[in-house]
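Student: I would like to learn how to read aromatic pairs and a ligand site. Please take them in turn.

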Amino acid sequence: MTFAVAPEMYDRFMGRYGEALGRALAEKAGIRHGMTALDVGAGTGKLTGVLAELLGEANIAAVDPSEPFAAALAERFPASQVRRGSAEELPFEDESFDAVCAQLVVNFLTDPEQGAAEMARVAREGGSVAAAVWDYRDGMTMLRTFWEAAAAVDERGAAARDERTRMRFGEREEIVELWEGVGLRDVEGGEIVVSTSYSDFDDLWEPFLAGVGPGGDFTVSLEPDVQAALRKEYDRVLGSPEGPFELEARAWYAVGKK
Ligand SMILES: C[S@@+](CC[C@H](N)C(=O)[O-])C[C@H]1O[C@@H](n2cnc3c(N)ncnc32)[C@H](O)[C@@H]1O
């Protein structure tokens, strides 16, 4: 899967859900003025922007391994500590932050246990460690309907890339278990539901053509006639919307204390 894409395309694809999700996650994590926070796998900075608004840009840090995303973060948040790096090896000292958050990231980690342990390491004693992951199997409507359409046009190809079956953390309790497994205490989990609006079907479809995420990877791998069939089927599965429409997305979250 690729995150080496233009930040603008990522924002049209997934970033459009990110601010509302970030606000809800920051609230669950108890983030308030006077704290310092780290955004792990910050992407184009949707959660980072929420943290900057709540805590002040100089009190936050953001890290992401993608070169274009790290560059966009540095440009968008010049007063913050922005680093290019991975969750499994966070480039920060022990006990550096009051809160450490990862939004839509733990399912992409090569070693989630190591990433979670690193997040706990850089949190202060008593600090908050939080993460959210889409409910890929059901409640993330954009992706669920996309993979339904993809399976209808290329069952085997879709199965090879479908994040619903290929990734961990699709179930409600999985991040809670990950958090407890690295020794975080008072771990609380649950769901966050957000929604976004699209001006028309192409507003939803175009980022897939730019190859964003596993769905985009799949779309650009198709022959033109299969790609056209996928577009038609996806539109059909969504009820052939005429003009603007809304899609709901559910995420699972976990928050624990160090
Ligand atoms: C779906 S995006 C989420 C971005 C952002 N947190 C948001 O809410 O919009 C997943 C992000 O995880 C990052 N990522 C992938 N592997 C990672 C790793 N090993 N450590 C940290 N971040 C990683 C990607 O570069 C990408 O920015």
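Student: How many aromatic pairs does the structure hold?

Tutor: The structure holds 15 aromatic pairs. Rings of Phe, Tyr and Trp (its six-membered ring) pair if their centres lie within 6.5 Å; planes under 30 degrees apart count as stacked, over 60 as edge-to-face and the rest as tilted. This is a predicted model: local features need pLDDT of at least 70, side-chain atom pairs count only at pLDDT 80 or more, and totals for chains, interfaces and linings use all residues. Residues are numbered from 1 along each chain as its sequence is written, and side-chain values use heavy atoms, leaving out hydrogens and water.

Student: Which values describe a pair of aromatic rings?

Tutor: The distance of the centres and the angle of the planes. F92 and F97 form an edge-to-face pair, 5.3 Å centre to centre with 80° between the planes. W205 and F208 form a stacked pair, with 6.1 Å and 25° for these values.

Student: Why are W205 and F208 separated by about one helical turn?

Tutor: Because they are 3 residues apart in helix 9 (residues 201–209); helices are DSSP runs (H or I, at least four residues), numbered from the N terminus.

Student: Are W205 and F208 buried or exposed?

Tutor: Both W205 and F208 are buried, that is, under 20% relative accessible area (1.4 Å probe, protein chains only).

Student: Which polar side-chain atom lies 2.6 Å from an oxygen atom of the ligand?

Tutor: One of D64. For E88, a polar side-chain atom lies 2.9 Å from a ligand nitrogen atom.

Definitions and conventions: Polar contact = N/O pair within 3.5 Å; in protein donor to acceptor, adjacent residues only side chain to side chain. Helix = DSSP H or I, 4+ residues; strand = E, 2+ residues; numbered from the N terminus. Buried < 20%, exposed > 50% of the residue type's maximum accessible area, 1.4 Å probe, protein only.
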